Amino acid sequence: MSVHFHELLEAIFSIIFLIGIGYVLKRFQLVQEVSMAGMNKLCFYIFFPVKIAMSFYNTDMEGLLGPKFLVYILAMLFLQMALTSIFTSYFVKDAGRKIIEGHAMFRGNFIIMSFPILQSLCGDPGVAMAGAITGISQFFYNFYALRLFEGYTKKYENSLRIFTKILKTPLILGVFTGIFLYITKINISILESPMRSLGSIASPIALLTLGYSLDFQVNKDYLFSILRVSFMKLIFFPVIAFGIGIPFHFQEIQNIVSLVLFGSPTAVTTYVFARSYNIEPKLAGYLVFITTLLYALTIPILLKIFI
């Protein structure tokens, strides 16, 4: 299987370009702050939930994943969650920053990055696998995210109440809707195109709002946070994931999907959550932006070494 690195870099460049456009909108005051805040809410409450739900639709999980690979993905998600919690608890003292770094380390930009990257590297089979894994991983990602953010705002007073609220959030409802579509096999052919179009708006809008938040005057206090998250997200987790997968003798396409999943940069939803809960939004924005920049270097190197 030939790896087309120029297409990989083009996908990353498109994300950086959209972030830059968001910054231009702010720099020249082309859009008001209140408008960008409204678009951020649309991403959180509508666009991303729709995108998540549609990732389940017409996806053959059984044929693409297989029991062995599925168990591996689930085990790695649990392990990544546990290692993230241990690492942040030990190295990060500030409560708010611990939330942002934990989310940034655990949740990767798989929704935005996987489809164009795996299309260029693996073709349609890679895209189909990405859709299946996206649906599975969303429950882990969103449950962990809401546990972090709701736990912070509620100060862990009532775990049952937090859990109930998590189940009612738009992103989790998107997961449940997707599972329903997958199990029932309901034909929504008339709605499929507009629903996918609606979901496709999520990433560009989120990237624009991210760029709008940046001022490119990084607080020196962010340095260690950026280094910690970048190392764990872009190097440590993908290497660990590949090493654990060696005894299973996975196919090449499965190894590529694993590296792209566990080595992807910090998800844009880290910024969406941070802004929605008003917890270190600038730090979240820089973690997304800088890990995406570094990803242009790390993922080609990882693929070159391991594939």
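This is a predicted model: local features need pLDDT of at least 70, side-chain atom pairs count only at pLDDT 80 or more; totals for chains, interfaces and linings use all residues.
Biologist: Let's start with the whole chain. How many helices and strands does the chain have?

Modeller: There are 14 helices and zero strands.

Biologist: Okay, now the packing. What describes two packed helices?

Modeller: You give the angle between the two axes and the distance between them. Take helix α11, residues 223-245, and helix α12, residues 252-262. Their axes lie 8 Å apart, and the packing angle is about 150°.

Biologist: How are α11 and α12 oriented to each other?

Modeller: An angle over 145 degrees counts as roughly antiparallel, so α11 and α12 are roughly antiparallel to each other.

Biologist: Is the crossing of α11 and α12 left-handed or right-handed?

Modeller: That crossing is right-handed.

Biologist: Which residues in α11 and α12 meet?

Modeller: From α11 you have K233, F237, P238, A241 and F242, and across from them in α12 sit N255, S258, L259 and F262. By type, the residues of this contact are six nonpolar, two polar and one charged.

Biologist: Back to the whole chain, then. How much of the contact count comes from residues 24 or more positions apart?

Modeller: Among contacts with a separation of 6 or more, such pairs make up 85%.

How values were computed: Residues are numbered from 1 along each chain as its sequence is written. Side-chain values use heavy atoms; hydrogens and water are left out. Axes are lines fitted to C-alpha atoms, for helices over the stretch in contact, and angles run from 0 to 180 degrees between N-to-C directions. Helices (H or I, at least four residues) and strands (E, at least two) are DSSP runs, numbered from the N terminus. Angles under 35 degrees count as roughly parallel, over 145 as roughly antiparallel, 65 to 115 as roughly perpendicular and the rest as oblique. A crossing is left-handed if the near helix is turned anticlockwise from the far one by less than a right angle, and right-handed if clockwise. Contact means heavy atoms within 4.5 Å. Ala, Val, Leu, Ile, Met, Phe, Trp, Tyr, Cys and Pro count as nonpolar, Asp, Glu, Lys and Arg as charged, and the others, Gly among them, as polar.
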